[in-house]
Amino acid sequence: MNNYPHNLLSIEKSSALRRGVQIRKAGKRAGEYLDGKFLRSKPPLLPSMSEFDTVRHFTNLSRLNFCLDTHFYPLGSCTMKYNPKAYDVLSGLDGFSSLHPYCPEDCAQGTLSLIYGLEEQLKQITGLAAFTLQPAAGAHGEFTGALIARAYHKDRKDFDRSEIIIPDTAHGTNPATAAMAGCKVVNVKSAHDGRVDLEELKKVLNPKTALVMLTIPNTVGLFEKDIKEISRLTHEAGALLYMDGANLNALIGLVKPADMGVDIMHINLHKTIATPHGGGGPGAGAVGVCGRLADFLPVPRVIYDGKKYKLESKSKKSIGKVKSFYGNISVLIRAYCYLRQFDGETLKEIARGAVLSANYVRVKLAKYFPAYFDEVCMHECVLTIDKGVLPNAKTLDVAKMLLDMGFHAPTIYFPLIVPEAIMVEPTETENKQTLDKFISAMTSIFLEAGTNPDVLHEAPKNCPVKRIDEVSAAREPNLRW
Ligand SMILES: *Cc1c(COP(=O)(O)O)cnc(C)c1O
């Protein structure tokens, strides 16, 4: 199928004559210590290989990975930016990594002060009154926020509020969260400019609305210009305003969500703030709330009495715990370091850089893959295929071609309201040369699609795994090696 060594399992490379490190045989046999029923009847089927072959095998496997450390990774809505490696070292320091979560407060003052300090930093950035760092992901933060909203309405004896209004440009996790929280999802259509249609919003707001949940910037990469009016209408209807701030990269340091009237928000620390998203590693969906909702936050909360940091679980109104212990501490440490290192002015530069990169790509590619909403975007641009120019081209083909050319594919076919969507988020950490290479790869794909569209259907050709037969994969999935 191809030349890569990975389809030779190490067991197939095994040779009885080869061995790794030879450890001197123990003087006694296991049977002298253990009851026979604990002993194997046959030796395990392990490959017999030299250490050198083994190292090579695994090193080659690792080099088949497409990752941020090796490739440009413009995966929209994921903020795959470079994060300083030093934070990995700091978060691994023994004092953090070997701290037992049950150890008494007195022995955990360092970590508690860090949690407290990070909450303070996030309060400053957002203007909100209080934070919890427990949620382990963005969707988990949304769920926490929805529970807080429900608890708040219930506490006010407003028992009927069980609807969550969500625009069609929201992130896919939003409606899922609303359903998980036991609420009814009410959709609101976007206007022709990709933003919430105020007239439509007025039609769906009602005495049952618990929450209006907006992704800001929304998934077409645009800012809700009418956010003040949306917030006024929401509050007038007795509902709360939730901001999905998973992707804060375009706004960090520039806009305080509290000033826009946001009551609850989550921030994916594992996107904008020092831990990469994707790859399934641990995350942190920090949730911030305005003053009137602070009592509903999960417990325990970290408090400071002027001398010591303490864990406080007294709040009777709290929705309870949403995660074992205090969250994914290693992610929180990285975020703390990042926000200590970069002051407010630098955060603004980060946000402006992210916006500039996305717009650079958008404008440079406008002739080939035009933006669906042709205006200045935020941290990402959502491109499409002009079917009038390239009737036979598909976004899937463009993505597969990019893999062949050494780029991770952008997010594709999302958001759903954009046909043949190609969602590019370059981030501020990529330099102009890299963006230019990407732009020229996209340009050559465009030219190829016009003259030789069949080549595109066959991509990728240079990757270890070739084009997958998606129909068979769906109909007859082979889930075993
Ligand atoms: C990534 C993302 C989420 C979900 O975050 P997870 O950590 O993957 O659960 C929610 N909303 C938006 C806008 C996102 O980009």
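Helix 12 (residues 344–364) packs against helix 14 (residues 432–451) at an angle of about 30 degrees, and their axes lie 10 Å apart. Keep in mind as you look that this is a predicted model. Angles under 35 degrees count as roughly parallel, and helix 12 and helix 14 are therefore roughly parallel to each other. Their crossing is right-handed.

Which residues make this contact? Helix 12 contributes Ser357, Tyr360, Val361 and Lys364, while helix 14 brings Lys432, Leu435, Asp436, Phe438 and Ile439. Sorted by class, the residues where helix 12 meets helix 14 are five nonpolar, one polar and three charged.

Now turn to another partner of helix 14. Helix 13 (residues 395–404) and helix 14 have axes that come within 10 Å and cross at roughly 125 degrees. That angle makes helix 13 oblique to helix 14. Here, too, the crossing is right-handed as helix 13 passes helix 14.

On the helix 13 side you can find Val398, Met401 and Leu402, which meet Phe438, Ala441, Met442 and Ile445 of helix 14. What classes of residue does the contact of helix 13 with helix 14 have? There are seven nonpolar residues, with no polar and no charged ones.

| Helix pair | Angle | Axes |
|---|---|---|
| Helix 12 and helix 14 | about 30 degrees | 10 Å apart |
| Helix 13 and helix 14 | roughly 125 degrees | within 10 Å |

Notes:
Residues are numbered from 1 along each chain as its sequence is written. This is a predicted model: local features need pLDDT of at least 70, side-chain atom pairs count only at pLDDT 80 or more; totals for chains, interfaces and linings use all residues. Side-chain values use heavy atoms; hydrogens and water are left out. Axes are lines fitted to C-alpha atoms, for helices over the stretch in contact, and angles run from 0 to 180 degrees between N-to-C directions. Helices (H or I, at least four residues) and strands (E, at least two) are DSSP runs, numbered from the N terminus. Angles under 35 degrees count as roughly parallel, over 145 as roughly antiparallel, 65 to 115 as roughly perpendicular and the rest as oblique. A crossing is left-handed if the near helix is turned anticlockwise from the far one by less than a right angle, and right-handed if clockwise. Contact means heavy atoms within 4.5 Å. Ala, Val, Leu, Ile, Met, Phe, Trp, Tyr, Cys and Pro count as nonpolar, Asp, Glu, Lys and Arg as charged, and the others, Gly among them, as polar.
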